[in-house]
Amino acid sequence: MNERRPIRVLIAKPGLDGHDVGAKVIVNRLRNAGMEVIYTGLRQSTDKIISAAIQEDVDVLGLSILSGSHVELCQELMERFRGKGIRDILVIVGGIIPREDIPVLKNCGVDGVFPVHSTLEGVENFIREQVSKKRGEGLREKGPEI
Amino acid sequence: MSVPGGSEKKEKASAKGGEKKPKIREAYTSFGQPVKVHYGPEDLEGFDPRRDLGDPGSFPFTRGIYPTMYRSQLWTMRPYAGMATAEETNERFKFLLNSGQTGLSLAFDLPTQLGLDSDDPLARYDVGKLGVAVDTLDDMERLFDGIPLDKMSTSFTINSTAAIILAMYVLVGKKQGVAPAQLRGTVQNDILKEYVARGTWIFPPKPSMRLIADTIEYCINQIPRFNPISVSATHICEYGAKAEQSVSLPFLNALAYIEEVLKRGYSVDQVAPQIVFHMAVGGRNFHLFEDVAKLRAARRLWARLMKERYGAKNPESMRLKFSTGALGGGMTAAEPLNNIARGALFGLAAVLAGTRSLNGGCFDEAYAIPSDLAIRTALRVQQILGYETGVTDTVDPLAGSYYVESLTNQMEAKMRQTMEEIENRGGIIKAIEEGTLQRELARQSYEHQEKISRGERILVGVNRFTSKEEEKPIEVYRANPKIRENQTARLKAVKDRRDPKRVQETLSALRQAAEKGENIFPALFPAVEALATAGEITSALKQVFGEYQEPRTV
């Protein structure tokens, strides 16, 4: 893995929720910050999201969920991620998320939760820090690639 | 940007040199015009109150669509309700009616909005979550059990599947012995804004426009007191529209619907009176006077468009009938009780602008769908506005204000300009199909968010005057985890008792009507009555209409 590769991000809308303005705001912000960002569009199944994440070789998967189904969707997605042995993709979730659900989401393996009114810098900085950490850890675990 | 009072020290310092020159904070309208420190008669040159305002209730209706407004009747106080199963929603309806609410507003869960049945695997996490699940006529009957439809006005937030829901409502009425002509209410049925902002589309734009025209046509002929469409500004606003766009875009959508029906040989005076609007106040861009001015300008612009462009003769065609929604996006997650104050101010804007109906904002909107407490508080806020403040004592109390009239004039001009720009580029449907409109709004929304990040747009408790204390979490509404199980069991029971042959026959007749391009309503009723599910009806129509493919918009 090349450390200088720009951070690649997949922003996805799982489930039936049609509110994607927040997702698009994040796409714009991260692109302006120099990241390569792909947006899935609405109503994506978790399987489709996972295969897009693999195919696009992303560092980060961002889920935007405002329909109240964040817990079920994240549990399903993280389980399938684990089933495929994927551990090096940073998973973050944003949307309308009650505070007491944050630990629930983290317990199922989500790395970061950003409810509405989280700051854009907060999201960007979290991604930068965590990806560089993950890239470092990834190298240690797998040994040098090439 | 500085706040008044924040620069006191500097003022004193600069006053040393003899002439006192206070520091003046810069201010701009949402469309980038500098706001003057004060306004006077010179700002209303060419303004003719007879021509540009008229009396309340008369052309161009700037001051209100009826002469006596709140002196005769307050606005309808209509919080948004609907959850889980038909029984729970029915219970909540009765609770709201007992609390003095004067109209019902019904939210549906996402599967119902998308034509997916509760037993559809795609629906598995969303049954009964954001609203009530309606699979068949049976659910609708239980929803309105004990609620006399001839005494009720019900507003349905439903779009792609509006025709199906309306057909169900008509049949529930018939069962109660209420003739269709007596039914009052509204279906949102505004598909164009779904492609732009809300996302519950199913079919491509062309067949969707035809379904909407079918619904309008059915209402004109059979249930004239029912509004077949409520053209909505709220979602477009939440999606990043600026004040003038929050009127010009819904107007372009409305004109597209009207023209679709005019093609069928109806006159503008038959169609336009059926169209109502759901305007927006508040939100993250909130500006009290701009919100009032934009709604006053909207009334005038609509009246002029109908009369001048479409040759309407009936004043009903020129009256812009709108309800108003306070934008939930303006409600902050930080210090949620502050949102009660925001809701009151958003509501004040709507009332000063002469709304006929208001969905107040709830303080917990940033967390979940509103709890009982939040809904009741939002209703109380409206009652305080209506009964304690005196703002209802006279019609259009801000009329004649140099500032408000100047803003109203500027707003109308901006709205016309944005409408023209889109029309010159090939029209609203083209802009939506190509995704150019969605791209523009997404960009505006992003720019606005960056302004909040930089502290240029102040949000109290978020980027200014924040408190360090850990907040107590508020109690939020939780959907019952058993809903899906219960609802699918109920659906199974309905499927078991219906006549499958009759379902198949009515569905195939519906497909044929769709293929032939006939109005689908005569074929829709038998299918609904045969207990075909919303999902089955939608699938039948998909076979003829196809499915929408999103353009790239970011």
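Two residues are in contact if their C-beta atoms, placed from the backbone, lie within 7 Å. On that criterion, 32 residues of chain B are in contact with 30 residues of chain A. The model is predicted: local features need pLDDT of at least 70, side-chain atom pairs count only at pLDDT 80 or more, and totals for chains, interfaces and linings use all residues. Residues are numbered from 1 along each chain as its sequence is written, and chains are lettered from A and ligands numbered from 1 in the order in which they are written.

**Interface, chain B side**

- Helix H4 (110-113) and helix H18 (436-453) of chain B are the elements that give two or more residues to the side touching chain A; helices (H or I, at least four residues) and strands (E, at least two) are DSSP runs, numbered from the N terminus.
- H18(B) gives the most to this side, with 7 residues.
- By class, the side of chain B that touches chain A has 18 nonpolar, 7 polar and 7 charged residues; Ala, Val, Leu, Ile, Met, Phe, Trp, Tyr, Cys and Pro count as nonpolar, Asp, Glu, Lys and Arg as charged, and the others, Gly among them, as polar.

**Sheet of chain A**

- In chain A, 5 strands form an open sheet with parallel pairing, in the order S2-S1-S3-S4-S5; two strands pair if DSSP finds at least two bridges between them.
- Strands S2 (36-39) and S5 (112-115) of chain A stand at the edges with a single partner strand each, so one side of each is left without a neighbour in the sheet.
- Strand S3 (residues 60-65) of chain A is joined to the parallel strand S4 (residues 90-95) of chain A by 6 bridges.
- Within S4(A), Val93(A) is the bridge partner of Leu63(A).

**Sheet of chain B**

- Chain B has an open sheet of 4 strands in the order S2-S3-S4-S5, also with parallel pairing.
- Its edges are strand S2 (104-107) and strand S5 (226-227) of chain B; each has a single partner strand, so one side of each lacks a neighbour in the sheet.
- Strands S3 (residues 153-157) and S4 (residues 184-187) of chain B run parallel and are joined by 4 bridges.
- In S4(B), Thr186(B) is the bridge partner of Ser155(B).

**Buried regions of chain B**

- Helix H10(B) is mostly covered, with 14 of its 18 residues buried; a residue is buried if 20 or more other C-beta atoms, placed from the backbone, lie within 10 Å of its own, exposed if 12 or fewer, and partly exposed in between.
- Ile165(B) touches Val134(B), Phe156(B), Ile158(B) and Val187(B), not counting residues up to four places away in sequence.
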